[in-house]
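I open this notebook to keep a record of what I looked up, entry by entry. The model and its sequence come before the notes.

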Amino acid sequence: QVQLVESGGGLIQAGGSLRLSCAASGRTLSRYAVGWFRQAPGKEREFVAATGASGRSNFYAYFAEGRFTISRDNAKNLVYLQMNRLSPEDTAVYYCATDRSESVRHDYEYWGQGTQVTVSS
């Protein structure tokens with residue numbers, strides 16, 4: 001059984017930074033692309049960033065480019081999302097998900113339960 005668990009969320013002031021982690025059990029993350037998504041209250045879930053299995057191919061949503069960095073530690077079976085210069089508009093539940101392939105194809109199979117990020121002004 002595959003389980004993804006996000007952590008690292010919390011309450012932070014605007015301009016601050018957080019690093020989210022995505023841990024997996026029942027799946028070796030190094031074999032799959034992984035994506036981060038977020039869902040704000042009253043809004044649809046949206047793509048944030050994704051990384052290929054090797055970590056060499058990374059993709060970002062326009063709002064994440066230059067502020068967020070996705071990375072992975074395959075030895076620890078973890079994927080991270082470093083978020084800098086946070087603003088209240090970044091307030092959302094953040095989810096990680098594994099793609100069905102090692103390349104980023106946006107065909108996500110397993111999802112975590114999410115971690116809340118709240119940015120105060």
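Entry one, the core. For what follows I take a nonpolar core to be a set of buried Ala, Val, Leu, Ile, Met, Phe, Trp, Tyr and Cys residues joined through side-chain atoms within 4.5 Å. I also keep in mind that this is a predicted model. Which residues touch the most other members of the largest nonpolar core? I found that the core has 26 residues, and that Trp36, Val48, Phe68, Leu81, Met83 and Tyr94 are the ones with the most contacts to other members. Looking next at where the members come from, I noted that S3, strand S4 (34-39), strand S5 (46-51), strand S7 (68-73), strand S8 (78-83), S9 and strand S11 (115-120) each give at least two residues to this core. S3 supplies the largest share, which is four residues. Another core, of six residues, lies apart from this one, and among its members I listed Ala33, Phe37, Ala97 and Tyr108.

I asked what Leu81 is in contact with once its neighbours within four places in sequence are left aside. The list I wrote down is Leu18, Arg19, Leu20, Trp36, Val48, Ala49, Phe68, Thr69, Ile70 and Tyr94.

How many disulfides does the structure hold? I found one, formed by Cys22 and Cys96, with the two sulfur atoms 2.1 Å apart. The torsion about their S-S bond is about 70 degrees, and the disulfide is therefore right-handed. The pair links distant parts of the chain, since Cys22 sits in strand S3 (residues 18-25) and Cys96 in strand S9 (residues 92-99), 74 residues apart. I checked burial as well, and both Cys22 and Cys96 are buried.

Entry four, the sheet. I traced an open sheet of four strands in the order S1-S3-S8-S7, and the pairing in it is antiparallel. Which are its edge strands? They are strand S1 (3-7) and S7, each of which pairs on one side only. From one strand to the next, the twist averages 15 degrees. As a reminder to myself, strands of a sheet pair through backbone hydrogen bonds, either parallel or antiparallel.

I looked up two residues other than glycine that have a positive phi, and began with Asn77, whose phi is near 60 degrees. Asn77 is found in the loop between S7 and S8, and its relative accessible area of 17% falls under the 20% limit, so Asn77 counts as buried. His106 also has a phi near 60 degrees and lies in the loop between S9 and strand S10 (108-111). Is His106 buried or partly exposed? With 45% relative accessibility, His106 counts as partly exposed.

My last stop was Thr51, placed in strand S5 and buried, with a relative accessible area of 0%. Its side chain is joined to that of Asn58 by a polar contact of 2.6 Å. Leaving aside neighbours within four places in sequence, I recorded contacts of Thr51 with Ala33, Val34, Ser57, Asn58, Ile70, Arg72, Val79 and Val104.

How values were computed. Residues numbered from 1 in each chain as written. Predicted model: local features only at pLDDT ≥ 70, side-chain atom pairs only at ≥ 80, totals over all residues. Heavy atoms only, no water. Disulfide = S-S within 2.5 Å. Buried < 20%, exposed > 50% of the residue type's maximum accessible area, 1.4 Å probe, protein only. Contact = heavy atoms within 4.5 Å. Pairing = 2+ DSSP bridges. Axes fitted to C-alpha atoms, helices over the stretch in contact; angles between N-to-C directions. Polar contact = N/O pair within 3.5 Å; in protein donor to acceptor, adjacent residues only side chain to side chain.
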